[in-house]
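Please read the following note with the structure open beside you.

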Amino acid sequence: MSTEQTKTMDPAAREKVIVRASAVGILTNVVLAAFKAFVGLASNSIAITLDAVNNLSDAMSSVITIIGAKLAGKAPDKKHPFGYGRVEYMSSLIVAAIVLYAGITSLIESVKKIIHPEVSDYSLLTLIIIAVAILVKLALGRYVKNKGNEVNSGSLIASGSDASFDAILSASVLASAILYLATRISLEAIVGAVIAVIIIKSGIEMIGEAVSSMLGERVGCDLARNIKATVAEDPDVLGAYDLFLNDYGPDRYMGSIHVEVPDTMTAVEIDAMSRRIFKSVYSKYGVAITAVGIYSHNTGDDEASKMLADIRRKVMAHDGVLQMHGFYVDFEAKTITFDTVLEFKNGEGQTAEEVYAQILDEIQKAYPDYNVHVTCDRDMSE
């Protein structure tokens with residue numbers, strides 16, 4: 001249940017889901033690791049032994065996920081007034097580091113076995129245990145990933161995907177064992193090396209995702225559109241723009257938005273409107289809009305409308321301009337103000353700063369009697 005769809009889940013209920021799913025993962029992986037380690041050592045199979053190590057690292061990952069969820073659920077305090085939600089991103093990074101370490105050590109052991117091969121001794125029991133492990137891992141992966149999507153937990157989603165992928169790796173181990181029994185051709189060490197490389201790749205990707213979350217990512221398209229649509233439904237709002245959301249953990253957003261209102265509104269009316277916006281957005285999406293900026297809209301002035309149409313045509317003709325809004329003309333002060341939303345770099349390779357300079361110069365030349373003020377906004381959300 002992400003904020004893309006509806007209001008944020010209750011933190012306590014969310015934590016309970018994460019802990020329960022992680023506990024299931026720990027128990028399952030420990031049991032699988034024990035069985036695989038026994039079979040791997042008994043049959044002298046490096047691939048099965050490394051598969052057991054991978055299961056053990058998955059169990060450790062689930063432990064870290066639980067710790068992260070518990071710490072992230074701490075109430076805000078004076079030192080961290082926005083709470084501890086970002087701890088989940090740190091726990092995801094630790095999980096990724098564990099996976100990467102397991103992959104590197106597994107690769108080293110596999111290379112040793114390639115250089116100094118040893119004969120494996122499989123039994124029917126060995127094949128049955130591996131086959132059962134594959135089915136268990138598939139079921140576990142689906143369960144954990146579904147729970148992760150349910151509560152928007154990156155750690156759970158990663159663990160679920162990893163479990164499903166482990167089932168494929170175990171299937172490759174089973175295939176190599178069957179091949180050996182049928183042909184006496186041993187691919188044990190090679191399969192182990194392939195598994196290790198795949199684990200390393202997975203760990204690197206998980207690190208990249210965790211770091212990206214910690215740096216701060218662009219807010220989801222659906223969430224941004226839905227919030228703007230909700231704000232625009234207010235009877236006093238003529239348009240909603242410049243939505244900025246700060247991420248303080250999964251489904252923990254605080255931000256600001258600009259709205260366009262008639263230039264006849266009073267401070268009392270604007271205050272009431274701002275409070276309505278906060279209440280409606282928070283009730284629907286669990287997002288706290290802490291600030292509402294105001295754009296004044298010219299009312300009852302045909303000349304302003306003509307100028308708006310002309311300037312909009314000129315501005316939108318520039319490559320890389322996504323939107324123009326917040327237009328206002330002060331005829332007494334002889335000022336024109338408006339905002340533009342620009343791509344970070346347009347199709348011609350120009351930066352936003354270069355496009356902004358061209359727009360300002362063009363509009364200033366078209367209206368030399370006015371002071372033109374253009375605000376250059378970046379493409380932060382939909």
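**Notes on helix packing and selected residues**

1. The crossing of helices α3 and α6 is left-handed, a term used when the near helix is turned anticlockwise from the far one by less than a right angle, whereas clockwise is called right-handed. By class, the contact of α3 with α6 has 25 nonpolar, 7 polar and 1 charged residues; here Ala, Val, Leu, Ile, Met, Phe, Trp, Tyr, Cys and Pro count as nonpolar, Asp, Glu, Lys and Arg as charged, and the others, Gly among them, as polar.

2. This is a predicted model, in which local features need pLDDT of at least 70 and side-chain atom pairs count only at pLDDT 80 or more, while totals for chains, interfaces and linings use all residues. Residues are numbered from 1 along each chain as its sequence is written, and side-chain values use heavy atoms, with hydrogens and water left out.

3. The axes of α3 (residues 87-115) and α6 (residues 188-215) come within 7 Å and cross at roughly 160 degrees, and the two helices are therefore roughly antiparallel to each other. Axes are lines fitted to C-alpha atoms, for helices over the stretch in contact, and angles run from 0 to 180 degrees between N-to-C directions; those over 145 degrees count as roughly antiparallel. Helices (H or I, at least four residues) and strands (E, at least two) are DSSP runs, numbered from the N terminus.

4. Helix α9 (residues 302-316) and helix α10 (residues 352-366) pack at an angle of about 150 degrees, with their axes 10 Å apart, which makes α9 roughly antiparallel to α10. The crossing of α9 with α10 is right-handed. Their contact (heavy atoms within 4.5 Å) is made by Ile311, Lys314 and Val315 of α9 and by Ile359, Glu362, Ile363 and Ala366 of α10, and these residues divide into 5 nonpolar, no polar and 2 charged.

5. Leaving aside neighbours within four places in sequence, Ser62 is in contact with Ser22, Gly25 and Ile26.

6. Asp242, in strand β1 (residues 239-247), has a phi near 50 degrees, a positive value in a residue other than glycine, and counts as buried at 9% relative accessibility. Lys334, in the loop between β4 (321-330) and β5 (335-342), has a positive phi near 60 degrees and is partly exposed, with a relative accessible area of 37%.

Technical notes. Parallel < 35°, antiparallel > 145°, perpendicular 65-115°, else oblique. Buried < 20%, exposed > 50% of the residue type's maximum accessible area, 1.4 Å probe, protein only.
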